[in-house]
Every structure is written in structure tokens, then in C-alpha cells.
Amino acid sequence: MYSRRDFSKLGLTLAGAFAGFKAASSYVRPSQADSASKTFEVTKTEDEWKKVLTPEQFRVLRKQGTERPGSSPLDANEAPGTYICAGCALALYSSETKFHSGTGWPSFWQPLENAVATSEDSSYLMTRTEVHCRRCGGHLGHVFEDGPKPTGLRYCMNGVALKFIPKRAA
């Protein structure tokens, strides 16, 4: 049988855990601070970005958010073409390097040449490699070392940070 004291302890523990998680999630990542101070080819004020991006695109691209897994139709897209940055239209990935990772996000084993840059992301009490657009600095997702050959990499991208341009029929 549980006593009131047990429930009080549980409540305090959960409240402490929630406060810790909230503090960790509001932490400004070094990559976010670095991106804000870097000069990119495409730069806009926060208000200018808000005018050209949807609220979800802004949250992901400019505030390093993550979309819900399975929410992007681009994950299931199998058409030939090119995936571009939703912020600045830079070509990022070819459909030829896309694969189904089963994660719920569009995944690629290699970006196009000179398309993306990476930085260390130490948020949420773990270290990952963040991927961002090299032209506008927009957060795209993360890269992991559990992908298919030939690179062994999995560029796990937020679909909302991308737009798809179908290949024209010849």
C-alpha cells in the first residue's frame, strides 16, 4: 500500500525531472549561438524569416526544432528529383541518395557537394552532429553513423526543412 508520503515523494521527483528537462530543452546550443553569429550568404532578420517561412519551418530551421516523426510526406517520397533547403532553395540532396531508414524522417546517405555544414550539438544531455544549410545556416537535422553503404552515414532530415523539386521528364 502506498502512503501520502510516497505520492508526495513521487510528485516532487517528477516535478524536479520536468524542471530539469525544461531547462535542458531551453538551453541555447553552442551550434545555435554559433549560427547566430556567423555570416551566411543568405541572411535575414528574425522577422524577415517569419514572413517567408511557415511557423513550423521557422521553428525547425531557425530555432533548431524537430518535427514529429512520420509527419512529413517527404519521408515516403520515392520520385526522382532534388531536395532543396526550404529557407534559401539551395540544392541539398539527390533522390538517388535517399533511403528508407524507418525513423520517420527523410534520410540520405550523402548530401550534394558543398551543400551542408555540420556542428556539434550537445542538447538534451547527448552529443550529436547537427546538419545545417551552408548557405543560410538553417537547421536541417542530424547525421549518424548507422547508415547504408557506401558512406555508412544517415543524414536524418526534418522534412519541413526541405522542399522537393521533381526531375523533369526528358
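Biologist: How many salt bridges does the count come to here?
Modeller: The count comes to six salt bridges. Keep in mind that this is a predicted model.

Biologist: OK, pick one. Which residue does Arg134 form a salt bridge with?
Modeller: Arg134 pairs with Glu41, and their closest N and O atoms are 2.3 Å apart.

Biologist: Where do those two sit in the chain?
Modeller: Arg134 is in the loop between β6 (128-133) and β7, while Glu41 is in the loop between α2 (30-37) and α3 (46-52), so the pair ties together parts that are 93 residues apart in sequence.

Biologist: And is Glu41 buried or exposed?
Modeller: Glu41 is exposed, with a relative accessible area of 59%. Arg134 counts as partly exposed, at 23% relative accessibility.

Biologist: What about helices? Which residue does Lys50 form a salt bridge with?
Modeller: That would be Glu46, with the closest N and O atoms 3.7 Å apart. Lys50 and Glu46 are four residues apart in helix α3, so about one helical turn separates them. Both count as partly exposed: Lys50 has a relative accessible area of 45%, and Glu46 is at 41%.

Biologist: Now α4. How far apart are the closest N and O atoms of Glu56 and Arg59?
Modeller: They are 2.9 Å apart, and the two residues form a salt bridge. Both lie in helix α4, three residues apart, which is about one turn of the helix. Glu56 is partly exposed at 30% relative accessibility, and Arg59 is partly exposed at 34%.

Biologist: Which residues do shared partners join into one network?
Modeller: Glu46, Lys50 and Lys63 are joined that way, through salt bridges that share partners.

Biologist: Switching topic: where does Glu67 lie?
Modeller: Glu67 is in the loop between α4 (55-61) and β1 (81-85). Glu67 is buried yet has no salt bridge, and the nearest side chain of opposite charge, Arg59, is 7.2 Å away.

Biologist: Then what does the side chain of Glu67 reach?
Modeller: The Glu67 side chain reaches the backbone nitrogen of Val160, at 3.1 Å.

Definitions and conventions: Residues numbered from 1 in each chain as written. Predicted model: local features only at pLDDT ≥ 70, side-chain atom pairs only at ≥ 80, totals over all residues. Heavy atoms only, no water. Buried < 20%, exposed > 50% of the residue type's maximum accessible area, 1.4 Å probe, protein only. Lys, Arg positive; Asp, Glu negative; His and termini not counted. Salt bridge = Lys/Arg side-chain N within 4 Å of Asp/Glu carboxyl O. Polar contact = N/O pair within 3.5 Å; in protein donor to acceptor, adjacent residues only side chain to side chain.
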